[in-house]
Structure formats: structure tokens, C-alpha cells
Amino acid sequence: MRLIENLSILPIENFLIQPREWDVFISCGSFEKRCTRSSNIFMDKKVDIGTSIIFNYKETDLENKKEENIQSMKSNLEQICKCVQIFDTESVSLPSEGIKKFLMFLKEENIDLLNKQLIIDITVFTKAYFFLLFKIMKEKLNLHECWVVYTEPEKYKSKSTDRNEIILTEGLDRVESIPGFVGSSVNSKDALIVILGFEGKRSREVFNSVDPGLTYAVNGFPSFQLGWHKISLEANLLFLQESGASDHLFFAPAVDPFETRNTVSRIVEEIEKKNKDINIIVSPLGTKLQAFGVLLYALGNKKIKVIYPFPSVYKPDYSYKYGPTWIFKVNLDGLIGD
Amino acid sequence: MNHHIKNIILSNERMKDLFSSIMEKDRHYWKKFGTPDDIFKWLNNFLNKNEIYLALVLADNILYYNINEVRYLWRLILTNRVKRYLFDDIFEEDYSGKAEDITNQFTAFIKNKCIFIGFGEIYKSGPHMIYPFHQAVSNIIKKEDIHFIEYSNFLSSKVDLSDKKVIFLLDDFIGTGNQAVKQWKEEIIVSENYKSNQHIRFLYTALTGFLSGVENIEKHTDMKVILGESPMDDSFRCFSDSSLIYEDAAEREKAKEIMETAGKMLYEYPLGYENDQAVVAFCHNTPNNSLPVIWKKMGDGSWYPLFERFE
Amino acid sequence: MEKDIKDRFDETRPFDVVRAEDFGKDLWEFYEPLEELIRNISGVDITGSRPIFLIGGRGTGKTMVLKFLSLEMQLKDFIKNILHQNKSIEELSTEEMRAFLNSKNFIGIYLRFRTTEYDSIKGDIARLFNPYLSIKTAEQIFKFLMILKSSMLLSDEHEAKIAEYFIGQIKEPEPRVKNNFDGVLKLMRENIFPQFETIFEKSSYCSIDEIKKDCGIPIIISKNIIFGLADCIFTEMDFLRKKSLFILLDELEYLNDYQKQCIGQLIKDSDETSVIFKVGSRYMPEVLSVGESGEVLQEPHDFRKIDITDALNAAHSGRKGDYCKLIKNILNKRLAKSNYLKDKGITDIQQLFPNITIEKEAVELVNGREKHWGKFKTFLKKSGSEKEIDNIIDYLRYPSNPIIEKLNMLLYYRGESPQKIKEMREEYLCGKNEQYVHLYQKNAFNLLFQLYSDYPPSKKKYVGIDVFIHLSSGIIRYAVELCNQAINTAYNYGYEPAVEKPVEFVYQDMGAKNHAELQFKDITRIPGNLGLDVQNFITEIGTIFRELHLSPHLVEPEPTHFETYYSEIKDKAKQVFDAALNHYYLQKKPPMEPKSSYETKKNDFLINRGFAPYFEISYKVRGRTYISASQIYNLIMGNDEEKKKTRKEIIKKNAKKEGPEKPKASQITLFDLIEVNKNETD
């Protein structure tokens, strides 16, 4: 099957049938094992890369897993890249500072991304980080197109002892607009669109923070694995009931950023048809690929505000091993509807 | 009767939780029952507290697809999965790289080059897929632009397919795939329409189904299977070792014994057609691959279903 | 277009909707006025001429109070309750509008500090907060002017003058609009706000110089817009003279420190202008700085504070009756909107959730059984024969009321003779023996808890509208949610409402417990990374109270509040403690009188009574438990061992562990054994 820009995503093994090359590869290291997957695959498939940059968050690494993973990534990439650099960014919860630091880093290292074949692995970037990363690459570095890679987890590990609840984070630091996506607040009413994740508490955090006049929800369906869409729905039942979003429930495949983008577009159209004076706020709590779909939509629509509940703690070992790795290509200048 | 079931549920925290989960799911997204009466009636089929508990576990794990989900899957199948699969057929040499072209040409392709058939005879679930399919795609492609023919007509009458490229066979669920293989070999490839139109590709589209069934069909026929959902593995068979429904082995063993005993009274395949052990139901019907304890209604009132199957 | 409550209101579940937003333009129909009650309780008039800080968390009614003061809501109320008509605001005639304005001494405009609106105004662009806020305020002012214009109260000259004044305060971007309200509003929406938004967006990845170069920075005389514009309007128009502009600012807690300072400055500057600020906040900032001057706002000189929950909380306001009435009115208004329930004859909340007496509850629990005598018999076996034991129990027995039986056992533990106990009980039943009456009233509720512990797995029931009102802990929303949980649970089990068929106790109880569990889980949602610590702390306190409830000696029955020296709580422990207070998981209550004259008054705090079903403790405000600041520190910051040790310490100190005293030779009165707590209100 062909990889069609802005339309399809493919399993990476199906795509890398012939040798490929890219000028710059950006990825991120973390305690999750799946962060090493893409570099493993590239090495196996003898991909040719010019410069590789590995983001290293400033965060507690109690069991040294992040360090090990980053070293593993570096070792893989050194075999196929001309240059591998580890970039020490800020904490996961400070994307603005982290990305500003990255711009300085690019300048200092004389790395020019303009007109380069760029590929980014978003697997373990936090959503706020890759949102802002793509924003500045588009606005400041004139990025037009980019390849994106993502590796699913094999499964999520952290379950509470009662009711099989999946727990990925704990506590709440703040609910805030993602920098660069502050949208428009010119109207007095807000409409909130939540891309549902496995943790209903986070949907409620966002909902209580915004206190919108109208709420829509998008469930990841079909999900990464069969039946997971049930998990996210059940986890969000209270949110759906409190917000009234159970009457405005849409779907988008968990693994497809383009369909997610289309779904968000349809929802916004529906909202604006009925309510002329309403601000649109989106909160991407689902998969990273769905979040990427929200990103694509928001990049083309500056009125959209994107908000995120920054947790106190990301639970270590919340994901287990790795599942399929996907690749897709985005053209930021033109996106296809359905 | 309800009182008796209620008391049993209320006497146990776990059962209260399961029951509450089922009712909340129904309220917010199944939207099938409204009141608990049908659920109580179904639970009343079971003999004692332990059986009722196991039945609640089963009910809480049913993969039920409501009308919105069914419509969405059809929409996704057509506008996403099929579009990507047939990309080269749609565009041949002409892909300009422009977004609008894909949309326009795809619509034209569907209108001019495709036939849609509900798979199987009129009493089967395939033909019943036509209506939700229509509804799902109605704002993308006009009703009059989708060319439907009945399965029996395809088999028996001469249809001009010379300028067509693809025939879509619509169904809801793929179990073992044996039925589809059989129909392919005994009905489709012996038909006049098939023989005189060897250029046509057959796409078998279904909402969901077992991976083994998909592989069976693709191995033994020329049909390509396209599912809306990811295919199911053994963890979706109710009593398999990797079952996600009864994860505890002892519980699973006990539940199997109960459901199989009851199933013997209900259907020639006590654990679902060809022992599929599925736990799936759709808003329009329940496939017979699912456990009969879920769908069978006995005329004499000896068994009341949860998600009744309509033949 | 503002939505109808009908979009969200389900007649079968009239308590489902709780947010002001969901009521849309029908908010006022469901509104139960709080201002008078608040004034009566707190002594502060929210519509007076002082700046007010209205403190209350989610669900306390704070937003409803503020919104109701806005012009739009006041007009709707006027149309419905004074004119008794059904028209829209735009249809008001000039005379009607004049009549309305004559009846009011203020015009209110409502602004909410949405977290997602102001969170990006920081760093290099922090100083844009004031200009941005001033334009937001001006927008609301011009919206109310449009309302006045639609009733023909404003002349074209008025309009031109006011518009010109406003436009004169915008130095950059240079405005090119007509001198009328439409022109001004268009300027704001199409020029000024978009410019601000572009700046906010770019600030995360561009320097201030780049922003200046790309899109410019607006130059606006904010002070003139907020105060000058109001003064201009209120002096220009005779029908607005001597009135005030209430700027109703909601959700102050979402502003950062700098932004709060700006608000402080505005409040200071509003003195002797026609502008009065009424500010809603989840919690009172510790310090209210006046800009960067170093000055702070002081109560009562600069503002008055009303804590809604404090005012409404039946715990210590002494106004339990008022609060209960308020809640019942609110709930009955919901019922009145439900044709479904009205058709079934249900018009009063007590029909759905009738109360149960504790005596009835006790009799139902015991159900003729004898288990509650078990521990007592075991105790007696140490010193008596079987016959003696039976004899003693005969004196203490009273099967019609198992609570009396438990009280009798308690008295025996405390050294009273069986004969004396029987005598006292008989006098009590004849309406005599004040001591026994007092003992019964003081201890009955806790004895019921002990009865439950004698009959596992039964658990204390939380049923009845009065109990729900207690559990709501001064937070109106809780009361509505409790009713919602109860009726939803009942529906799940096939409940069909009818006059003679209230919601069964089992479902009411399940609803209360579900609600408590949800509230407990919600603690972790406190922002600022404090949620988990607060939840752990509440767990410690709840566990302590639960243990004390089960103490056989009941030194202090039903303890639900504790005393401490708040000023001695320090550092992170104080942060956590304050977070618990700010989010109403702990609530302040007036301190109790010290036990002896040489003790100083301590600070008193109670656990939110919504948690009572979760910890299976009382929902009343009872008991006196002392927890020192260092013990609080350990409970918050200690490791598991330290927490456990501290808990045990507290429980041991507050519950007598030693065995019962034998009757002394000298006469002992009950007053020797039990202290009377003068400050008990419940």
C-alpha cells in the first residue's frame, strides 16, 4: 500500500522496503522502552541519516532507565548517522522554555532545518512539547513537510487494584493552554472538545477548568487494540454525563491523525453552525497520533485554543514494551479533507 | 422476580459494581435498555448467586456496537480503508498530489466503478448492512450514486459489469470464515456474472471479526477482507486461555460449564456458531457466533435473551 | 445563541444539571436568592458600596450570586417578578427600563477570569494584563449600553460622546471607526482583540522585539477605560446618576501573582469612583498587594470578605434552619420544573428522600438479634458467673430501642450499677431524668455507629434529605449531587417514582456513598501538585475519627473536628493544610472555649462532612480532638511508620483504652464523668 501524504499511515516495516535517507532525525529519550524502537528499526533497515538529535528531558530518572535508553538510541544511531547529538532540554512540564532552548541549540550547533528532509519520532515527546516544536518549525523555520514516526505501547501496565482502572499519571500541576496555541477568547462562551484518554479524571480536570457552555468528546475508535475504546468510554462516563458530551460523542481512529483532524474539523463546523459567537477549545487527551491530528487542525486554524492538564507525575512503567511502529508524512501547507 | 435478583446483586459489592457499570454504559452509550427489566429477566435465567455473578461479568464485557459506532465504522471503511487500499485503482497514472483530486475522483470511482452487495441471502445479516451503510455515507456520496444489487440477483441474473472494477460484499461479522468460503466456491465463482467478468475485484467488508476467519477467507478465495475494527484474536473468545472476559482460570472454567450447559438447550452450537465463543452484539442484530446464552429467545419462555438475535 | 436549560434538563433526573453554564439563559429561573441569607448571617451586604471578596469553591453558589447581580439577570428577574411578563430584554419600553433603573442603585457587569484566557499573559508580556482587562471590561460596558440604547434611553449625542471618550483612550492601534457603540464593539472584536491574541500566541516563541516588529503592541490608557468611562457614563446620563458600576470579577484564583496585584491596584484605585469591584474567588489570597507599591489591601478598610461556605455551613453558623430551608427550596424548584415528577404527585423533596430516625434505623439493623451484647458479655465473663451476667443484662435490656441498650452498657462501663441504670432509663422514658436525656442526646448517634460495628458487614446508612443537607457541608452543589446520585442509583434498579413510593433507603445510601467516594477521588485534582498529599492527609484524619467513633468509652462521641494551633503549622505541611482548606476538604469552624482558663484558644477544623459515608463517621459536628501542629506535620510529611505512630498517639490520647472503672464508694454523678461541651451546636 502506498504512503499517501496527509492521508495514510503505514507500518514502518512496510514502508522501509527500500533504503531511505533523511537529513535530520529528531527523537526523544525517556524511561519507556519504546523510545528506542525507531532507532532500532532504522539501524536494521540501514536508513541513512545526516544529523540526529535526541531530546533529553530534565526529569528524575530513579532507575536510570532513561539514561540507558538514550545511550541505546545513541549507539544505534551512530551506526547510521553522520552526527548524533543529545540535547538537554527543560522539564517535561516546561515546553516553552524547552523549545526556546532548542532554537538556541540549533543556532549554536549550526543546524539548519530549512529545506531539509526531516523525520521526527513523537513517541515519547509530551504533547505540549511536540505541539510547540511543530509550531515553531512551521512559523519560524518555515517547515513545509515532515515525516513522523510513532511506536505504540504493547499494553498499558499501571492498573489500580479496583475496577481495572488504567492509571498513567497522578495529581495535577495545572491546566493551561499549550504555548503557541492560545487561540481566541473573544467570545464569552466556550465550546470544549475533548479527545478522550484512559483517565477520566483528566477530562474532568479540563472540563472543570474551562467550565464550557458546550462540550463534545471524541473517542478513539477503532482503538489501538480491539476493545480499548470501551476502556476509554468507561473511564470517562462521569465526564460524559457531567458535561453532556454523551450527546455529542464522535469517533476518530486512535491510530490515525488525519481522520482525527477531519473529525475535529467536522465538530467545529457543527458547533459554528449553531453558535456563531463561541470560542473553540480542544484538549487532546487520547493517543499521541490523535493529538497530532489536533495539532494539524490547530496549525491551520489560529482561533483554536489547545489546553492540557499537566500532571504532577507520569507514572514510571505505565507502558509495557512496544507495539507496531507507524510512519506518515505531513504536508503542513495543504491538508486533505475526506 | 426482579426483587429477588436485586437482592442478590445488592448483597455483594462486586456485583453491585458490575451492575452499576452495565447500567451506566447503557445510559450513556449503549442506549438500548433504559430500565433494568430486560437485564433482570436475563439474569433470572441463571440459577444461583454464583451464576448470576458470572453472568454479570459476561454482560459487562460484551462488545456492543451502538448505531453511531456501526455507522462510523462503515464510513471509515469506505472513506478511509477502502480509499487507501484502492488508491492505485482510483488514480492509475493520474494522481496529481492534490487533496481535492482524491476526494473528487474517489466519489466518481464509487459511483461509476463499484457495486455493493449485502453478502448472503435476505435473512442473513449482510443485506441488513445496506441501510446503516447508506446512512453512514449519505453526506459523502448521494444515495442514487451508490449502486446496490441483491445477492440473489447477482447470482441468478445477468448484470452488466463490463465497466465496473470492484464489487463490495457487505457483512457485519466474520467468524471462522467458512460460510464465506463456502459461498464463494459454491455460489459466486460458479455464477455467470463472475465467469464473464474476471477483471472484477471482490472486497469483503465487515465491521469486525476474528483474524483466523479473515485469514481463512483470504487464503481460500480471491476476496480481500477489509474490516472496520482491528481483527479479533483468541483473547476475544470467551473461554480461551487468553480470554479477556474471564481472566481468572477457575472462574473461566466454571463459567464455561454454566454457559455451555445452558447453550445446549438453546442452539446446536452451545458456545456460538462453530464454537466461535464470541461476545459481540450490534445494534441491528447479534451474530450467532456469540454465545447463545446472550442472544437466544426460546418461544416457550424458558430462556430470555439479553441481546436478542433476529433471524 | 445562548442555550436553553431544556437542552440539558432531563425531567426524570431533575438534579442532573448543576453548573451555572448549563442553565444558560434560564439560570435565573432556578436561582434561589442567597444575598439576603448571606447578609443576615455575615452582616455584609453584597450590594453595598464596599468592594467585596466573595469566597467559595465550586458548587457553593458564588458564581450564581455574582451572575445574578449582572444587568442581564437583574432585568430578567424584573420582567418576570415585577412586570409579570414574558418578554425579552430588548422588548422593554423606555418607561419600563426607567422603572427598572430607578429601583436599582447599581449596574453589574460580569467577567470571568477563565484560566485558559489569562494564562499566557506572563513573562515579557505580563504588563499587557491591565490593557487587556480594560478592553474586556469595556466590552461588557458597551454591551449594557446597547441594552439601554435598545430601550431608547440613550440619545445619539450620548452615544457619540461615550464612544468618543473610549476611542480617545486607544493610542495604538490608531482606531478608525464611527463614534457609536457598534463601531466601538467592532473595533474591539476585529482589531484590538485579534492583536492581543496574536501577541499572546507569539510570546511563547518570539521575543518582545520580534512581536513589536511583527504586529505592534497596543497602547491603551487602561485606568481611564475602567474608571473614566464609567464616570463619563454615569455622570452623562441622568438616569444613571448616583448609581454604581459593579464590576463582577469571578475566579480570581486563576490569575497569577502579578495579575492579582493588578486587581489589588484596581480595587485601591476604585475608591471614590463610580466603580465598585465584587470579586469571586475559591479562596482568599493570603496577601492582596496593591500593584508593585508594597502596600496591601486591608479588611475592613479596603474591602469586606464573605465566605459563602462559612456563612451557609450549618456546622457553626447557628443558622442550620436557614440553610436547610435554602437547600430544600433549591431542590423543590428543580422538582417544580419536572412535569414528569409533578404528574406523579411529587412536589416536595421530602417525598423522594424521607428521613429515618436513628431509633428506627437501630431497630432495623438489630432485627431481633443479640450480637450487640457479645462484647459486653465477654467483658462480664471476666468477673461474673453466667447467672450473674444474665441478671445484669436483664437490668440493661430494652429491645424496643437498641441505642438505649448501648447507652446502658456505656454507663455500666463507666461504673454505674445495673439497678441504677434501669432506674434512670425508666425515669427517662417517663420524661424525667435530665441527665439521662442529656446523655442520650449527646451519645445516641455515636452509639448507633457502634451498633453497626457489632453487626458486620452492615454499614451505617446515610439516608434522608436532612442527612443529605448535613453531608453537603455548606456546599449547595453537593446537596444537588447527592440527590442526583440517589435517584440515579434507584433508577438503575428499576425505581418508578410515586407519591407513596420514595427512593428506598438502600439506594439513597448507595448514592451518598458513591458521592463520598467521588469527592474523595477528586481530591487528587487539586492543582499545584498538592492533590495527593491532601488526599493522604484527609485519609489520616478520617481514619483517626473512625477509630475514635469505635472507642467503647466514648470520651468524646462522634468526633468530626479537631483543634490545633494553626500558626504553628509550617512549610510544606502548611501548604498542604491550606490547600485542603482552600478546596473545602477541611473547613474552619469557630473555635471552642478552652477547657480551662489557662489554655489559649486553638483553631478548629472539621473534615468536610461529605466524606462521612466514605470513612463511616458522623456527619454532625461533634467531639473535641486535639492534634498538635507537630502531629499534623507528621501526618502530612511523615513516612508510613511515622504516620502510623502519630495516628496511634492521637487515638490513644483521645480514647480511654484502660478497662472500665469499678463503682467507687463515694457517690458519683454523671457530671463527674462526662464534660458538657458548651459549644456544641449540633
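What follows is a short exchange about a predicted model.

Visitor: What makes the overall prediction score what it is?
Guide: Two numbers are given. The model scores ipTM 0.90 and pTM 0.91.

Visitor: How do you know how confident the predictor is in chain C?
Guide: pLDDT runs from 0 to 100. Chain C averages 87, and 94% of its residues score at least 70.

Visitor: Where in chain C does pLDDT stay under 50?
Guide: Over residues 657–682. For that stretch the model has 27 contacts beyond four places in sequence.

Visitor: Why are residues of H31(C) called buried?
Guide: The cut-off is 20 or more other C-beta atoms within 10 Å of a residue's own, so a residue that reaches it is called buried. In helix H31 (residues 629–637) of chain C, C:Gln631, C:Ile632, C:Tyr633, C:Asn634, C:Leu635 and C:Ile636 are buried.

Visitor: Why are E2 and E5 of chain B called edge strands?
Guide: The sheet is open, with 4 strands in the order E2-E3-E4-E5, and its pairing is parallel. Strand E2 (114–118) and strand E5 (224–227) each have a single partner strand, so one side of each lacks a neighbour in the sheet. On average, neighbouring strands are turned by 30° against each other, direction ignored.

Visitor: How do you know that E3(B) and E4(B) pair?
Guide: Pairing needs at least two bridges. Strand E3 (residues 166–174) and strand E4 (residues 201–209) of chain B have 8 bridges, in the parallel sense. Therefore they count as paired. B:Phe173 stands opposite B:Thr208 in E4(B).

Visitor: What makes H13(B) a helix that packs on the sheet?
Guide: Its contacts. Helix H13 (residues 211–220) of chain B touches E3, E4 and E5 of chain B. The direction of H13(B) makes about 155° with that of E5(B).

Visitor: How do you know which residues of chains A and B form the contact?
Guide: Two residues are in contact if their C-beta atoms lie within 7 Å. The contact takes 26 residues from chain B and 27 residues from chain A. H5(B) gives the largest share of the chain B side, 7 residues. By class, that side has 12 nonpolar, 7 polar and 7 charged residues.

Visitor: How is chain B divided into domains?
Guide: Domain 1 is 2–65 + 243–295, and domain 2 is 67–227. Their C-alpha centres lie 33 Å apart. The contact takes 12 residues from domain 1 and 14 residues from domain 2 of chain B.

Methods. Residues numbered from 1 in each chain as written. Chains lettered and ligands numbered in written order. Predicted model: local features only at pLDDT ≥ 70, side-chain atom pairs only at ≥ 80, totals over all residues. Helix = DSSP H or I, 4+ residues; strand = E, 2+ residues; numbered from the N terminus. Nonpolar A, V, L, I, M, F, W, Y, C, P; charged D, E, K, R; others polar. Axes fitted to C-alpha atoms, helices over the stretch in contact; angles between N-to-C directions. Buried ≥ 20, exposed ≤ 12 C-beta atoms within 10 Å, placed from the backbone. Domains from an automatic or database assignment.
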